[in-house]
Amino acid sequence: MARQRQGRLLGALLLLLFLLLGYPAVLVVEELQHHLGRPVLPVWVFGTWGLIILAAALILEQPRERR
């Protein structure tokens, strides 16, 4: 049961990654970059990537339920 839950959470995390690094989100970040005049896209990409890795580690390190 716990593995099934972990799998669902990791699948949702992968979907979130695709949404946050997908083409429409990148366009919004690029538009923000034009308004601010500073490079925001690398911070967005690496920040998102790092947070997804952290979330995956937390999901995989949850204590397992015993029968």
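User: How many aromatic pairs does the structure hold?
Analyst: The structure, a predicted model, holds 1 aromatic pair. Rings of Phe, Tyr and Trp (its six-membered ring) pair if their centres lie within 6.5 Å; planes under 30 degrees apart count as stacked, over 60 as edge-to-face and the rest as tilted.

User: Which kind is the pair of phenylalanine 46 and tryptophan 49, stacked, tilted or edge-to-face?
Analyst: Edge-to-face, because the ring centres of phenylalanine 46 and tryptophan 49 are 6.0 Å apart and the planes sit at 65 degrees.

User: Where do phenylalanine 46 and tryptophan 49 lie?
Analyst: Both are in helix H3, 3 residues apart, about one turn of the helix. H3 covers residues 41-60; helices (H or I, at least four residues) are DSSP runs, numbered from the N terminus.

User: Is phenylalanine 46 buried or exposed?
Analyst: Phenylalanine 46 counts as exposed because its relative accessibility is 55%, while tryptophan 49, at 48%, counts as partly exposed. Buried means under 20% relative accessible area, exposed over 50%, partly exposed in between (1.4 Å probe, protein chains only).

User: Which residues make the nonpolar surface patch?
Analyst: Phe46, Trp49 and Ile53 make that patch, and its area is about 360 Å². Patch residues have over 30% relative accessible area and no salt bridge, with nonpolar side chains (Val, Leu, Ile, Met, Phe, Trp, Tyr) joined within 5 Å and like charges within 9 Å. A salt bridge is a side-chain nitrogen of Lys or Arg within 4 Å of a carboxyl oxygen of Asp or Glu. Areas are from the Shrake-Rupley method with a 1.4 Å probe, counting only the protein chains shown as cover for residues.

User: New topic: what is threonine 48 in contact with?
Analyst: Leaving aside neighbours within four places in sequence, threonine 48 touches Leu17, Leu20, Leu21 and Val43, where contact means heavy atoms within 4.5 Å. Threonine 48 is in helix H3 too, and it is buried, with a relative accessible area of 7%.

User: And valine 45, how far is its C-alpha from that of glutamate 61?
Analyst: The two C-alpha atoms are separated by 24 Å, with the residues 16 apart along the chain. Valine 45 is found in helix H3 and is partly exposed, at 29% relative accessible area.

User: Where is confidence lowest and highest?
Analyst: Helix H2 (residues 23-36) is lowest at a mean of 93, and H3 is highest at 96. The protein's mean pLDDT (the predictor's confidence in each residue, from 0 to 100) is 92, and 96% of its residues reach 70 or more.

User: What ground rules apply?
Analyst: Local features need pLDDT of at least 70 and side-chain atom pairs count only at 80 or more, while totals for chains, interfaces and linings use all residues. Residues are numbered from 1 along each chain as its sequence is written, and side-chain values use heavy atoms, leaving out hydrogens and water.

Note on methods:
Helices (H or I, at least four residues) and strands (E, at least two) are DSSP runs, numbered from the N terminus.
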